[in-house]
Amino acid sequence: MARLTILKTNFTAGEIGRDLMGRGDLRAYTNGAARLRNVLVTPTGGVSRRPGLRFVASAAGDGRLIPFQFNTEQTYLLVVTGGAIAVIDETESPIADIAAPWSADEIARLSWAQSADTLLLVHPEHPPQRLVRLDATSFELRDWRFFEEGGRIEQPHHKFADDDVTLQPSGTSGAITLSASADLFEAGHVGVRFRLQNKEVEITAVSSPTQASAETKQTLVSTGAAKDWTEAAFSPVRGHPLCCAFHQDRLVIGGSRDLPNRLWLSKSSDLFNFDLGTGEDDEAIEFAILSDQVNGIRAVFSSRHLQVLTTGAEWMVTGEPLTPTNLELRRQTRIGSPVDRNVPPCDVDGGTIFSSRDGASLREFLFTDVDQAYEAKDLSALVRHLIDRPIDQAYDARRRVVFVVMAAGGIAAVTQYRQEEVTAWSTLETEGRFRSIAVLDDAPFVLVERDGVYSVERLDPTRNTDASVALVSATPKRVWSDPALAPLEGRVVSVLADGAPQAARPVTEGALTLDEPAALLEVGLAFRTEIAPLPVYVQSGGGGAAQGVAVRLVRAVFRLKDSRALSVDVGRGPRPAPFARRDGLTGPVAPDPVTVDKTVRALGWTKGDSRPLWRVDQDAPLPLTVLSVMTEISAHS
């Protein structure tokens, strides 16, 4: 019989899948875990119970959260739901409700971009919008207005017909009739601009597929039939932009419903002017992505280069600066992005994090100086079980965590620190389902659905429960009745009374009754924290893994930091470790956060069993951080 001491110094590989259970020789196995629930892995390797979710505001329904920073001092959170945008200011107060054109079913395909005080929102079935801040509490959603001069609107144009199709005007000025040589016009063309031999008219009525009335905006060249004509690229008939971005002082539009593989770049320093002119360096740029496969554009992203993410591949657009004559487009990788919704890419230290088209992996699109090209590293190769159709994501730079919302309602939290080779996954869960996430001023906000009711909540390190509210009384009392408890009506809640946890109890008719009087409460929904190691890897005398060895945990020593509780299951169910109290006695809860080593002892042997020798299983609403774990085991064949 051998007695071994194993020191687990970090969790920097995060949770890994069961496919790695036989690879104890890997560093990921040494630094990984079998299960990490409701914890965040720190870049230095410890794991901390995630912060609670503080209730911010009710939401009208399912939708998206969008951060909007007007300037360095004024920030807003936009809650986009079916037909509306609710605006929450930096004090977390709802200040405005704006009518919006997108239905609840359409919000998934909404895309946006912000530069300074300009927020642009686009959807392939609706005219692109621009959110305008009128004052500190007033906002307005307006259609884009392209640059107009001399009766001509400088917007993207395209000929949506065979080259041989002609248009013939009945006159050169005023009200005219346009006749097409093939079916062309639809009712939705009313109000759309056409160009005949580079002169502009506006459709005023459609009488048939081959004939329409128009008002000339510029004097036409002649009344002869001409093949040289185009129509506005964006319209109710042809669809609207799919995505947009700002890059090198240009507005970039990526794709539309009927031109899914086309890119438009505005004139330099003139964001809504798409005049191609004669190809001078500062003029607008237009080109299509043509290759051996369909490449419908799904995102354009400004990074080291202009990155274009399509349904079939990832591309880079180079040129320093980008001009009509020096632009170069190169395909880099063949992963593809989701087709049915927009999962916004995010930048992490120069790498672009995006979801794959099949919804089964998370990729890092990163430029390598050695190859002078991009690679799409798979960040989820060891955690396939945690990836299930991402629907939203955001990056918290302070915690160095990418939060990825899954279709099933959980959040995968990926601690990403490339310099230290840290890619650590864990899963966040709540009572209900997460639907969207946004990070504003290093504070993650989530949209949560619970039994058909939606709310906006904030990940708050001062809170220990979800949907939590804080209540204060000048004098201690047992019965609390407060309007702030309304979001928790009818639910069994977890209670911290003057910092001490009390038994769970329901909120009934807006009131809560305690066991003992208290002056300060935190009331919210409990969530369970779980930390489980991988099966112990025992080296035999000849090297390699000795599978089938009987193993017994003698003791486990947990090094804790700023913690108030620890509950560990070593085979007999979760049991709290004792902490010293202020009166010199011991109890299951520390009165204040402490940094200390806690020892847990166990009995019983395991052989050929994938169950962990120990498992942190804690639902107490108290802080917990595990820095390292030393296990002493006995083993024999």
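This is a predicted model: local features need pLDDT of at least 70, side-chain atom pairs count only at pLDDT 80 or more; totals for chains, interfaces and linings use all residues.

Student: In what order do the seven strands of the open sheet run?

Tutor: The order is 18-24-21-22-23-20-19, with antiparallel pairing. Strands are DSSP runs of E, at least two residues, numbered from the N terminus, and two strands pair if DSSP finds at least two bridges between them.

Student: Which are the edge strands?

Tutor: Strand 18 (157–158) and strand 19 (167–169), each of which pairs on one side only.

Student: And how many bridges link strand 21 and strand 24?

Tutor: Three, in the antiparallel sense, between residues 193–196 and residues 229–232. Leu196 stands opposite Trp229 of strand 24.

Student: Switching to packing. Which residues have the most contacts inside the largest nonpolar core?

Tutor: Ile531, Phe558, Leu566, Trp614 and Val626, in a core of 31 residues. A nonpolar core is a set of buried Ala, Val, Leu, Ile, Met, Phe, Trp, Tyr and Cys residues joined through side-chain atoms within 4.5 Å. Buried means under 20% relative accessible area, exposed over 50%, partly exposed in between (1.4 Å probe, protein chains only).

Student: Which strand gives the most to this core?

Tutor: Strand 49, with five residues.

Student: What does Phe558 touch?

Tutor: Leaving out residues up to four places away in sequence, its contacts (heavy atoms within 4.5 Å) include Leu566, Val596, Lys598, Trp614 and Val626. Another core, of 19 residues, lies apart from the largest one and has Ile85, Val87, Ile98 and Phe139 among its members.

Student: How many disulfides are there?

Tutor: Zero in the whole structure, where a disulfide is a pair of cysteine sulfur atoms within 2.5 Å.

Student: Last one: is His247 buried or exposed?

Tutor: Buried, at 5% relative accessibility. His247 sits in strand 25 (residues 241–247), and its side chain makes a polar contact of 2.8 Å with that of Ser302. A polar contact is a pair of N or O atoms within 3.5 Å; within protein, one must be able to donate a hydrogen and the other to accept it, and residues adjacent in sequence count only if both atoms are side-chain atoms.

Note on methods
Residues are numbered from 1 along each chain as its sequence is written. Side-chain values use heavy atoms; hydrogens and water are left out. Helices (H or I, at least four residues) and strands (E, at least two) are DSSP runs, numbered from the N terminus.
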